[in-house]
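Please read the following points with the coordinates open beside you.

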Amino acid sequence: MLSLWLQSSFERKGSVWTGIRILHCDCDSCATQSTFKSSPVFVSSDHEYEINTRIIYAMRTLGVGLRGIKTFCWVMNLPPPVSQKSYDRILNNIKSADSIVAVSSMNKAAKEEIAASETNKICVSGDGTWKTRGYTSRIGVCSIIGDFPGKVIDVGVLSSYEAGAF
């Protein structure tokens with residue numbers, strides 16, 4: 001006989017309580033017991049639940065921050081999301097991963113461009129924009145795009161708020 005039961009588990013991490021559901025499966029005929037968490041855990045990132053990282057990444061992709069995640073959870077009748085401290089830690093992990101992927105992708109695009117030109121001289125185009133129209137913005141971004149693959153080779157963020165921000 002197979003018996004299934006669901007356990008709601010709450011863990012305290014500092015001053016914040018986190019909840020996770022655990023499904024237990026017990027087989028009486030072969031004496032096998034298995035448990036499954038409702039969300040996998042990232043062991044490499046201080047035991048963060050994957051669902052927390054996924055909702056923060058998804059909502060940031062849509063341009064929504066922690067306040068928007070709280071509103072979404074409230075409307076959907078879900079438990080409250082992570083604390084501000086956890087949100088900031090997860091967001092820093094996402095930013096680090098994004099930076100690694102971006103640099104790797106741009107390096108690969110540069111190598112493709114060099115291979116296509118068969119020399120170290122490559123043809124590129126550049127494009128840039130400012131945060132606001134006119135010449136009043138203090139924040140801008142520019143990109144260099146390779147001619148052959150049409151992929152971004154380099155980017156730069158310019159700000160007159162911080163000297164040397166690049």
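1. Asn77 lies in the loop that joins helix H2 (66–75) to helix H3 (84–117), where helices (H or I, at least four residues) and strands (E, at least two) are DSSP runs numbered from the N terminus. Its phi is near 60°, a positive value in a residue other than glycine. Asn77 is exposed, because its relative accessible area is 70%, and the classes behind that word are buried for under 20% relative accessible area, exposed for over 50% and partly exposed in between, with a 1.4 Å probe and protein chains only.

2. The model is predicted, so local features need pLDDT of at least 70 and side-chain atom pairs count only at pLDDT 80 or more, whereas totals for chains, interfaces and linings use all residues. Residues are numbered from 1 along each chain as its sequence is written, and side-chain values use heavy atoms, with hydrogens and water left out.

3. Glu118 follows H3 and sits in the loop between H3 and strand S6 (124–130). With a relative accessibility of 72%, Glu118 counts as exposed.

4. How far apart are the end C-alpha atoms of helix H1 (residues 50–61)? They are 16 Å apart, which agrees with the 16 Å that its twelve residues should span at 1.5 Å a residue, the expected span being 1.5 Å times one less than the number of residues. The buried residues of H1 are Glu50, Asn52, Thr53, Ile56 and Met59, and just after H1 comes Gly63, with a positive phi of about 85°.

5. The axes of H1 and H2 come within 10 Å and cross at roughly 110°, where axes are lines fitted to C-alpha atoms, for helices over the stretch in contact, and angles run from 0 to 180 degrees between N-to-C directions. That makes H1 roughly perpendicular to H2, given that angles under 35 degrees count as roughly parallel, over 145 as roughly antiparallel, 65 to 115 as roughly perpendicular and the rest as oblique. The crossing is right-handed, a crossing being left-handed if the near helix is turned anticlockwise from the far one by less than a right angle, and right-handed if clockwise. Ile55, Ile56 and Met59 in H1 meet Gly68, Ile69, Phe72 and Cys73 in H2, contact meaning heavy atoms within 4.5 Å.

6. H1 also meets H3, and the axes of these two helices come within 10 Å and cross at roughly 70°; H1 and H3 are therefore roughly perpendicular to each other. On the H1 side the residues involved are Asn52, Thr53, Ile56, Tyr57 and Arg60, and on the H3 side Tyr87, Ile90, Leu91, Ile94 and Asp98. Ile56 is listed in the meeting of H1 with H2 and again in that of H1 with H3, and Ile56 is one of the buried residues of H1.

7. H3 has 34 residues and reaches 49 Å from its first C-alpha to its last, close to the 50 Å expected at 1.5 Å a residue. Its buried residues are Ser86, Tyr87, Ile90, Leu91, Ile94, Met106, Ala109, Ala110 and Glu113. Against which elements do the buried residues of H3 pack? They pack against strand S5 (48–49), H1, H2, S7 and S8.

8. Ser143, in strand S7 (residues 139–146), is buried because its relative accessible area is 17%; leaving aside neighbours within four places in sequence, Ser143 is in contact with Ser125, Gly126, Asp127, Val152, Asp154 and Val155. Gly156, in strand S8 (residues 152–159), counts as buried at 5% relative accessibility. Gly156 touches Gly140, Val141 and Cys142, not counting residues up to four places away in sequence, and the C-alpha atoms of Gly156 and Cys142 are 5.3 Å apart although the two residues are 14 apart in sequence.

9. For the chain as a whole, there are three helices and eight strands, running β-β-β-β-β-α-α-α-β-β-β from the N terminus on. Of the 166 residues in the protein chain, 22% are buried. Among contacts with a separation of 6 or more, 27% are between residues 24 or more positions apart.
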